Amino acid sequence: MCSRGYKSLYLIDLGKTNFKQTWDLQKSLVDLRVANKIPDTLLITEHEPVITMGRGTSPKNLLVSRKELEKRGIDLFQIERGGDITYHGPGQIVAYPIVDLTARGRDLHAYLRDLEEVVIKTLKEYNINAAVKRGLTGVWSNNHKLAAIGVAVRRWVSYHGLALNVNIDLGYDELINPCGITQFPVGSVASMLKKDIDLDETRNLLVENFVDYFNYEPKKIDNVERLISELKVA
């Protein structure tokens with residue numbers, strides 16, 4: 001049972017994953033959330049190198065060939081989230097909230113602003129002054145984009161989510177026009193502070209801020225495959 005005023009949340013830390021594995025997992029969890037078999041759920045991961053192209057991606061924003069990506073060991077996927085092209089890789093924290101937006105007034109734009117605020121609060125704990133930019137989605141500091149945000153919605157259950165650059169190798173973003181934006185560079189927590197950052201610490205801070213901001217009481221799930229299998233049979 002949740003404490004008074006708090007909502008249940010399944011919290012699943014996947015460690016390092018390939019994108020396709022986590023993408024498939026999200027869709028299974030969305031099915032269960034739509035059927036009201038699970039509460040809202042938060043997946044936390046760190047991806048192997050991958051480029052994802054959202055619904056708004058212009059082909060010109062991929063600056064190298066698919067053959068070059070294969071040579072470098074970088075996967076490429078066209079996916080259903082909003083937004084443009086994004087790179088994910090080691091040193092970046094990716095959060096995928098599976099959230100029923102009906103309980104939040106079915107206001108997708110407000111939800112995006114809420115995700116931005118979670119990131120801003122997390123960066124504040126590193127004394128990084130971060131903010132949003134009018135007309136653009138994501139979180140910025142000193143005109144550098146530190147976090148990308150893009151979601152998809154099915155039957156008012158939101159999935160995909162946000163990616164926060166911590167110690168990520170920013171050189172990979174030379175392969176794309178990140179999020180279709182050319183006038184502002186990409187940055188990271190490490191590049192802002194001029195030092196490497198403890199990724200586990202940042203992950204924990206992000207989760208804590210997410211849980212606090214959305215008023216959740218989390219329950220850690222250690223074996224998500226078993227959970228899905230049991231609930232699909234039930």
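1. The charged end of Lys-27 sits over the ring of Trp-23, at 4.1 Å from the ring centre. This and every other value in the note comes from a predicted model. A second contact of this kind involves Lys-133, whose charged end sits over the ring of Phe-184, 4.4 Å from its centre.

2. Phe-19 is buried, with a relative accessible area of 2%. Trp-23 has 11% relative accessibility, so it counts as buried, the limit being under 20%.

3. Tyr-87 and Tyr-172 form a stacked pair, 4.8 Å centre to centre with 10 degrees between the planes. Tyr-87 is buried at 4% relative accessibility, whereas Tyr-172, at 25%, is partly exposed.

4. Some of the aromatic residues form a cluster. Ring pairs link Tyr-111, Phe-210, Tyr-213, Phe-214 and Tyr-216.

5. The largest pocket holds about 420 Å³ of space. Its lining has 30 residues, and those nearest the centre are Arg-81, Gly-82, Gly-83, Ile-149 and Gly-150. At least two lining residues come from each of strand S5 (85-88), strand S6 (92-100), helix H3 (108-124), strand S8 (144-154) and strand S9 (157-165). S8 gives the largest share, seven residues. By type, the lining of the largest pocket comprises 16 nonpolar, 10 polar and four charged residues.

6. The second largest pocket holds about 300 Å³. It is lined by 16 residues, with Leu-11, Ile-12, Asp-13, Val-207 and Lys-220 closest to its centre. Strand S1 (7-17), helix H5 (199-213), strand S10 (216-220) and helix H6 (224-233) each supply at least two residues of this lining. H5 contributes the most, five residues. The lining of the second largest pocket divides into nine nonpolar, one polar and six charged residues.

How values were computed:
Residues are numbered from 1 along each chain as its sequence is written. This is a predicted model: local features need pLDDT of at least 70, side-chain atom pairs count only at pLDDT 80 or more; totals for chains, interfaces and linings use all residues. Side-chain values use heavy atoms; hydrogens and water are left out. On a 1 Å grid over the protein atoms alone, a cavity is a set of points where a 1.4 Å probe fits but cannot get out, and a pocket is an open set with protein on both sides within 12 Å along at least five of seven lines; lining residues have an atom within 4 Å of a point. Grid points are joined across faces, edges and corners, and a volume is the space filled by probe spheres set on the points. Helices (H or I, at least four residues) and strands (E, at least two) are DSSP runs, numbered from the N terminus. Ala, Val, Leu, Ile, Met, Phe, Trp, Tyr, Cys and Pro count as nonpolar, Asp, Glu, Lys and Arg as charged, and the others, Gly among them, as polar. Buried means under 20% relative accessible area, exposed over 50%, partly exposed in between (1.4 Å probe, protein chains only). Rings of Phe, Tyr and Trp (its six-membered ring) pair if their centres lie within 6.5 Å; planes under 30 degrees apart count as stacked, over 60 as edge-to-face and the rest as tilted. A charge sits over a ring if NZ of Lys or CZ of Arg is within 6 Å of the ring centre and within 35 degrees of the ring normal.
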